[in-house]
Amino acid sequence: MSGLKFVAERTGDGAGQPFLDTDNGEELMHVQPGTAVVLGSRPPESPGTLYITSKQVVWLSDTDRSKGYAVDFLAVSLHAVSRDPEAYRDPCLYAQIDNGVEDGESEGSSDEGDVSSDLSRITELRLVPSDPNQVDTLFQIFCDCAELNPEPIEEEEEHNWIFSADQLENHEAEEDSEWMISQNSTHPIGRSNGDHDLAHNVLQLQINDQRFEDAEEMDSDSKNGHHHS
Amino acid sequence: MLFFSYFKDMVGREVTVELKNDLAIRGTLHSVDQYLNIKLENTRVVDEDKYPHMRSVRNCFIRGSVVRYVQLPPDGVDIELLHDATRREARGG
C-alpha cells in the first residue's frame, strides 16, 4: 500500500482540477477552496483547494499547477477534528496515513532523496479550511467516503480485521474438530471396534452377494431343472 | 456480521481501541459500521506524550482495517452469549 502521493498533473484551465478515474466510478464528492495542507511536521502549504472524491483526498496548490498531493481513502487509518490551539493554531481535520511501511523498514532505505519516497513516509496530515466552521463538514464527508472504500477482497485475506474475526471463528471450528478427534483417540478400543464392525459389514455384503449369486444359480438351476425334467 | 452486531450493542459504552500502529485511544463508542469502522467520542489518547498531535482530538473515526484490539468494559462482556454466537457463526448458521 502506498501512502501520500505527489500530484504533478491536473486537468482543466486556471488552477485546474484533479484527474478522476471515472472509468472505475470515481466521483467528486466535495470541493473546499481556501484550504491549507500540513504534511507531518512540515510548514503549512497554501493557498490550495481540497478535492474529496469517492476514492481519494486530493489537495492542489492554487498557484503552482505542478504541485499537489493525494492519498487514497484506503490509506487513511484515522481522521479527527482538531480544535486545540496548542496542538495546531487553527481548527483542522487531522488524518493519520498508513504508508504501508513497517517500523523497522523506514531506516534502511531513507537516503533515496526522491520527493515521492519522502512523501510516502508522511504519516500525519492536517487540512486547514479558511472557514473553521467547515471542519465538521469535512469530518463527516471523510466518514462517508471511508465507508465507500472497504478493504479490497484480496487484501481482506491478509490484512483485514474482519478476516481476523473469521480466523478466530475458523480457529474455533478447528478447536471443535480437534476436540472430536481427541475424543475418539482417547477411546482406541471404541474406534478399533468400529473398524471391525466395518470389516464385518463388508464380509456380510460379500456373503450376501454370494448368496444372491447362489440364489440366482439355484434359480436358473431350478429352471434348468424344470426344463430337464 | 457477528462482531458488527456485537459492537452495535456496545454503542454508548467506554472502550479502548488499539491500532496496529500502537496508538491506543479511549473513548465512548459512538457508532460502528459493517466494515468495523469505529467512531469514538470524548476521546483521549492513552499515551499522550507519544502522540502529541492527538492530544486535541475529542472525537475520531478509525478505519476498521487498522484496528488491532478493542478493549471492552468487563461488565459489557457476556461470555456465554459471545461463546454461543461464535460457535453458531463457525457452523455457518
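Biologist: How do strand 7 of chain A and strand 4 of chain B pair?

Modeller: In this predicted model, strand 7 of chain A and strand 4 of chain B, residues 57–62, pair in the antiparallel sense over four bridges. Within that pairing, Ser82(A) stands opposite Val57(B) in strand 4 of chain B.

Biologist: And what holds paired strands together in general?

Modeller: Strands of a sheet pair through backbone hydrogen bonds, and they may do so either parallel or antiparallel.

Biologist: OK, what order do the strands of the open sheet follow?

Modeller: The open sheet has nine strands in the order 3(A)-9(A)-8(A)-7(A)-4(B)-3(B)-2(B)-1(B)-5(B), and the pairing is antiparallel.

Biologist: Which strands stand at the edges, then?

Modeller: Those are strand 3 (35–39) of chain A and strand 5 (67–71) of chain B, each of which has a single partner strand, so one side of each is left without a neighbour in the sheet. From one strand to the next, the twist averages 30°.

Biologist: How many bridges join strand 3 of chain A to strand 9?

Modeller: Five bridges join strand 3 of chain A to strand 9 of chain A, residues 124–129, and the two run antiparallel; Val38(A), for instance, has Arg126(A) in strand 9 as its bridge partner.

Biologist: Switching topic, how many residues are in contact between chain A and chain B?

Modeller: On chain A there are 28 residues in contact with 23 residues of chain B. The largest share of the side of chain A that touches chain B comes from strand 7, with seven residues, and that side divides into 14 nonpolar, five polar and nine charged residues.

Terms used: Residues are numbered from 1 along each chain as its sequence is written. Chains are lettered from A and ligands numbered from 1 in the order in which they are written. This is a predicted model: local features need pLDDT of at least 70, side-chain atom pairs count only at pLDDT 80 or more; totals for chains, interfaces and linings use all residues. Two residues are in contact if their C-beta atoms, placed from the backbone, lie within 7 Å. Ala, Val, Leu, Ile, Met, Phe, Trp, Tyr, Cys and Pro count as nonpolar, Asp, Glu, Lys and Arg as charged, and the others, Gly among them, as polar. Two strands pair if DSSP finds at least two bridges between them. Axes are lines fitted to C-alpha atoms, for helices over the stretch in contact, and angles run from 0 to 180 degrees between N-to-C directions.
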